[in-house]
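This briefing goes through one protein model topic by topic. Look over the sequence and the structure first, then read the points below.

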Amino acid sequence: MHIHGLQKLAMVDYPGKLAATVFTGGCDLRCPFCHNALLVTRLAESPELPEGEVLDFLSSRRGLLDGVVLSGGEPMLQPDAAGFLRKIRDMGFAVKLDTNGHPSGPSGGHSGAGPGGLRGHGHQEPAGKIRRDRGRAGL
């Protein structure tokens, strides 16, 4: 996993749960409204965190946190996202996947159900709008 951020306590990212949010870098879209644009356009400025360090932190928060959010960038561009989420789920955490739902990642698309039956949450745009904006200069 290419992890570029960890919010150790998030009280709004996972409705109804105290959670940590793990951020991956990179994205296949350039949305002008992206609230994590630095994880896409200036990734070199966000040092990578070792997966083991993140998992150790999460393990130390068992019983204190209810869940973990995997966000980005676009987490489904990570070929090992499913395995990472399984490790988190095996620790007893609820998991939430924030994704744009675009089918260009290694997962081959995830319309509705993601790795391990997870459901993704993300901004929904009509497919034609995504195709028009993708690759447009400045987006």
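Of the 139 residues in the protein, 42% are buried. The model is a predicted one. The protein contains four helices and five strands, and its elements follow the order β-β-α-α-β-α-β-β-α from the N terminus. Among contacts with a separation of 6 or more, 67% are between residues 24 or more positions apart.

**Helices α2 and α3**

- Two packed helices are described by the angle between their axes and the distance between the axes.
- The axes of α2 and α3, the latter formed by residues 81-90, come within 10 Å and cross at roughly 20°.
- Angles under 35 degrees count as roughly parallel, so α2 is roughly parallel to α3.
- The crossing of α2 past α3 is right-handed.
- On the α2 side the contact is made by E51, V54, L55 and L58, and on the α3 side by F84, K87 and I88.
- Sorted by class, this contact of α2 with α3 has five nonpolar residues, two charged residues and no polar ones.

**Salt bridges**

- How many salt bridges does the structure hold? There are three.
- E51 and K87 form a salt bridge, with 2.7 Å between the closest N and O atoms.
- This pair links distant parts of the chain, as E51 lies in helix α2 and K87 in helix α3, 36 residues apart.
- E51 has 17% relative accessibility and buried means under 20%, so E51 counts as buried.
- K87 has 41% relative accessibility, which lies between the cut-offs of 20% and 50%, so K87 counts as partly exposed.
- E45 and R42 form a salt bridge, and their closest N and O atoms are 2.9 Å apart.
- E45 has a relative accessible area of 54%, and exposed means over 50%, so E45 is exposed.
- R42 is partly exposed because its relative accessible area is 42%.
- D98 and K96 form a salt bridge, with the closest N and O atoms 2.6 Å apart.
- Are D98 and K96 buried or exposed? Both D98 and K96 are buried.

**P75, in a loop**

- P75 sits in the loop between β3 and α3.
- Because its relative accessibility is 0%, P75 counts as buried.
- Which residues does P75 touch, leaving aside those up to four places away in sequence? They are T24, L70, A81, L97 and D98.
- D98, one of the residues touched by P75, is also the salt-bridge partner of K96.
- P75 and H2 are 73 residues apart in sequence, while their C-alpha atoms are 9.0 Å apart in space.

**G63, in another loop**

- G63 is located in the loop that runs between α2 (51-60) and β3 (67-71).
- G63 counts as exposed because its relative accessibility is 78%.
- G63 and F93 are 30 residues apart along the chain, and their C-alpha atoms are separated by 9.1 Å.

**Points to check in the structure**

- Find E51 and K87 in the contact between α2 and α3, then find the salt bridge that E51 forms with K87.

Notes
Residues are numbered from 1 along each chain as its sequence is written. This is a predicted model: local features need pLDDT of at least 70, side-chain atom pairs count only at pLDDT 80 or more; totals for chains, interfaces and linings use all residues. Side-chain values use heavy atoms; hydrogens and water are left out. Helices (H or I, at least four residues) and strands (E, at least two) are DSSP runs, numbered from the N terminus. Buried means under 20% relative accessible area, exposed over 50%, partly exposed in between (1.4 Å probe, protein chains only). Axes are lines fitted to C-alpha atoms, for helices over the stretch in contact, and angles run from 0 to 180 degrees between N-to-C directions. Angles under 35 degrees count as roughly parallel, over 145 as roughly antiparallel, 65 to 115 as roughly perpendicular and the rest as oblique. A crossing is left-handed if the near helix is turned anticlockwise from the far one by less than a right angle, and right-handed if clockwise. Contact means heavy atoms within 4.5 Å. Ala, Val, Leu, Ile, Met, Phe, Trp, Tyr, Cys and Pro count as nonpolar, Asp, Glu, Lys and Arg as charged, and the others, Gly among them, as polar. A salt bridge is a side-chain nitrogen of Lys or Arg within 4 Å of a carboxyl oxygen of Asp or Glu.
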